[in-house]
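Subject: Structure handover and side-chain contacts

Hello,

Please find the structure below, with the sequence. My notes on its side-chain contacts follow.

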Amino acid sequence: DSANPMLKPGAYLITKDGGQTIFLVDPKEKTYAEWDVQAMLGAAGAMMSGMGPVLKIEFTEPRVEKLLEEAGPAIAGLPTRHYRYRTSYTMKMKVLGMGNESSVVSEEDIWATDQLQDAALSVWLRSDPPRTGNEQLDKLIASGRGKVAGFPLKMVTASTSTNKKNKQTTTRTTMEVTELDTNANVPGSSFEIPAGYEKTEMMMPVQGGRP
């Protein structure tokens with residue numbers, strides 16, 4: 001159940017090569033598209049670089065602070081370790097010469113397990129972060145890498161943006177694995193795109209605020 005237009009209810013991801021190639025399948029629309037994070041972020045970077053004087057976005061060097069590390073509760077039947085991080089940076093945006101500056105503070109709680117070794121989990125555990133081609137944005141994305149050891153079973157993020165007029169906007173997101181069966185007997189046909197499904201292109205929604 002998601003409000004994200006890219007992740008509609010009932011949609012699912014499949015891979016047959018350990019996460020090297022991923023497809024997003026939408027059974028309601030009977031469509032599928034290649035899930036290429038590198039291409040999507042590259043498009044975002046190209047858009048930012050190509051807007052010229054119309055749109056200019058700058059990010060300061062992100063500051064990452066580790067606030068907590070402790071034993072966590074079992075989630076989906078697996079032991080976890082609980083981490084808390086705070087990431088701070090400033091975002092400057094100019095649209096047609098009109099400027100706006102906001103300070104952003106994001107606090108993230110992560111519960112991760114080291115008990116999952118499936119090769120396809122590399123989709124979420126890539127050692128090298130994908131790149132947009134925009135140096136400042138790439139540094140911001142890379143600041144979140146290597147924070148925890150293992151696979152995140154739950155993440156809770158609260159991001160607060162404060163502008164020059166001291167007006168604050170807070171966004172909270174939660175991701176949690178609620179069901180996990182490491183011994184499931186999944187038929188090979190589950191990894192095939194159903195016959196008759198139409199291939200589409202992955203479209204990246206344009207959103208404001210924190211990337």
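A salt bridge here is a side-chain nitrogen of Lys or Arg within 4 Å of a carboxyl oxygen of Asp or Glu. This is a predicted model, in which local features need pLDDT of at least 70 and side-chain atom pairs count only at pLDDT 80 or more, while totals for chains, interfaces and linings use all residues. Residues are numbered from 1 along each chain as its sequence is written, and side-chain values use heavy atoms, with hydrogens and water left out.

Salt bridges

Side chains of opposite charge can pair when their charged atoms come close. The structure holds seven salt bridges. One of them is between Arg86 and Glu65, with 3.7 Å between the closest N and O atoms. This pair links distant parts of the chain, since Arg86 is in strand E6 (residues 78–95) and Glu65 is in strand E5 (residues 63–75), 21 residues apart. Strands (E, at least two residues) and helices (H or I, at least four) are DSSP runs, numbered from the N terminus.

Glu65 also has a salt bridge with Arg63, where the closest N and O atoms are 3.5 Å apart. Arg86, in turn, meets Glu107 in a salt bridge of 2.8 Å, N to O. That pair again links distant parts of the chain: Glu107 lies in strand E7 (residues 98–113) and Arg86 in strand E6, 21 residues apart. Through shared partners, the salt bridges join Arg63, Glu65, Arg86 and Glu107 into one network.

How exposed are these side chains? For accessibility, buried means under 20% relative accessible area, exposed over 50%, and partly exposed in between (1.4 Å probe, protein chains only). Arg63 is exposed because its relative accessibility is 54%. Arg86, at 25%, is partly exposed, and so is Glu107, at 29%.

Aromatic rings

Rings of Phe, Tyr and Trp (its six-membered ring) pair if their centres lie within 6.5 Å; planes under 30 degrees apart count as stacked, over 60 as edge-to-face and the rest as tilted. There are two aromatic pairs in the structure. In one of them, Phe23 and Tyr32 have ring centres 6.0 Å apart and planes at 70 degrees, so the pair is edge-to-face. Phe23 is partly exposed at 22% relative accessibility, whereas Tyr32 is buried at 18%.

Regards
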